[in-house]
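Subject: A structure for you to look at

Hi there,

Here is the structure I promised to pass on to you.

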Amino acid sequence: MGVLSNLSPSSSSLAVLLITLTTLQLLGAESKTFWGDIEALKELKNALDPTSVSPGSCISSWDFKLDPCDNLFSDRFTCGFRCDLVDSATSRVTELSLDQAGYSGSLSSISWNLPYLQTLDLSNNFFSGSIPDSLSNLTRLTRLGLSGNSFSGSIPASIGSLSNLEELYLDSNSLHGAIPPSLNRLASLKRLELQGNQLSGEFPELGSLQNLFYLDASNNAISGQIPLTLPSSLLQISMRNNSLQGTVPENIKHLGFLQVLDLSHNQLGGFVPSYLFEHPSLQQLTLSFNQFSSVQPPISLGTQSEMIALDVSNNQLKGPLPSFLPMMPKLSALTLENNKFMGMIPTQYAFKVAVPGSGVSAFERLLLGGNYLFGPIPSPLLGLKPGSANVGLADNCLYRCPRVFFFCQGGDQKSLSECRSFGPIIP
């Protein structure tokens, strides 16, 4: 006769309760994966082209005869995801980060029912097809990384519903169409990378993203003007190699934390505004390969500027070299090549290369080639030795610039007839 049959009814009930609690504790220690998460992992594996799952890759080890979270980092589930306990008996998948193993396939058949997922990173593989709307099911997602794949189609507007998203990487794919305005709803977003696609249309207003510090939309086909409203939190903006037109908007001066601004390889024109040289935090400004025609000098002459590197090469800049640039105390890299500057090289430029003075950064790079500069070489440059600084004066009208000087090498000076056709010169 069993032990329980000798107990009173009340004692029997108590014993059953104790046995049940003990059993639940033992089961809880095993941290079983929630069944829906297992199904989602299976969906992902089944969506892959089997020939792209190479031996030794994370997904090649996934064996669903065993519980995923219980066997994570074993030889059956070596890598690719992370689990966390959400209660005493259940583990949920909170991160899905695949290795760069050359996986291919489409994501469109996956339901993405992983409500606890915080990170999804499938970067640098060969996934293709469109980015599915079903990713909006990942309501706790803080990081979405789809960089370096072959995704096509447009960016789904539904991504704008991922209210917890902090990092969005869609760069280096084949996405096209307009950037959806719904991204302006991603109030938690800190980093947005869209570079290296075929995105077109005007750039949307993102002024609501007051946590955004990094924006890269380079190497696309974005047209129109630079948005009038940008997040004041931005540290870096890169929109090079697009089809942007118009001028640099005045609101840039209100981005009080901005350190890097790259608008090169566009169709921007007018003048380079003075407030860029008085900006309280801007350190690197790249406006090369545009259609700017002049540089507006700042009232302060740039003496309070934080700028370290300035590149306005390959524009249509005319007139004498700006006299205030050598007065910018931290400026050490200046590129003015391939414009239409004329006149003599101011002595201040040469002094900032050779003898910059106390508390002032020297010009480590001074590239003035491809202009219409004439006259004698400033004497402080004549004592420079090769390797002491990167100075370039080729392709000007400097007929007293023999190639014995390293800064005169790299190309001939312009012909006398070309120089005279542009304006008067001093031989």
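The notes below go through the disulfides and then the salt bridges.

One thing to keep in mind from the start is that this is a predicted model.

**Disulfides**

There are four disulfides in the structure. If you count the bonded cysteines along the protein chain, the pairing pattern is 1-3, 2-4, 5-8, 6-7.

Cys 58 is joined to Cys 79 by a disulfide, with an S to S distance of 1.9 Å. The two cysteines are 21 residues apart and link distant parts of the chain, although both Cys 58 and Cys 79 sit in the loop between α2 (35-47) and β2 (81-85). The torsion about their S-S bond is about -110 degrees, so this disulfide is left-handed. Are the two ends buried or partly exposed? Cys 58 is buried, with a relative accessible area of 4%, whereas Cys 79 is partly exposed at 24%.

The next pair is Cys 69 and Cys 83, where the disulfide has an S to S distance of 2.0 Å. Cys 69 belongs to the loop between α2 and β2 while Cys 83 is in strand β2, so this pair ties together parts 14 residues apart in sequence. With a torsion of about -75 degrees about the S-S bond, the disulfide of Cys 69 and Cys 83 is left-handed. Cys 69 is buried, its relative accessible area being 13%, and Cys 83 is buried too, with 17%.

Further along, look for Cys 401 and Cys 408, which form a disulfide with their sulfur atoms 1.7 Å apart. The torsion about the S-S bond is about -90 degrees here, so the disulfide of Cys 401 and Cys 408 is left-handed. Cys 401 is buried at a relative accessible area of 7%, and Cys 408 counts as buried at 1%.

**Salt bridges**

Now for the charged side chains. Side chains of opposite charge can pair when their charged atoms come close. How many salt bridges does a search of the whole structure find? The search gives 14 salt bridges, and a few of them are described here.

The side chains of Arg 92 and Asp 37 meet in a salt bridge, at 3.0 Å from N to O. Since Arg 92 lies in strand β3 (residues 90-97) and Asp 37 in helix α2, the pair ties together parts that are 55 residues apart in sequence. Arg 92 is buried, with a relative accessible area of 9%, and Asp 37 counts as buried at 1% relative accessibility.

Glu 166 forms a salt bridge with Lys 190, and their closest N and O atoms are 4.0 Å apart. This pair links distant parts of the chain, 24 residues apart: Glu 166 is in the loop between β8 (150-151) and β9 (167-169), and Lys 190 is in the loop between β10 (176-177) and β11 (191-193). Glu 166 counts as partly exposed at 28% relative accessibility, and Lys 190 is partly exposed with a relative accessible area of 35%.

Glu 193 and Arg 191 also meet through their side chains in a salt bridge, 2.6 Å from N to O. Glu 193 counts as buried at 8% relative accessibility, while Arg 191 is partly exposed at 21%.

Finally, have a look at Asp 121, Arg 143 and Glu 167, which are linked in a network of salt bridges.

Key:
Residues numbered from 1 in each chain as written. Predicted model: local features only at pLDDT ≥ 70, side-chain atom pairs only at ≥ 80, totals over all residues. Heavy atoms only, no water. Disulfide = S-S within 2.5 Å. Helix = DSSP H or I, 4+ residues; strand = E, 2+ residues; numbered from the N terminus. Buried < 20%, exposed > 50% of the residue type's maximum accessible area, 1.4 Å probe, protein only.
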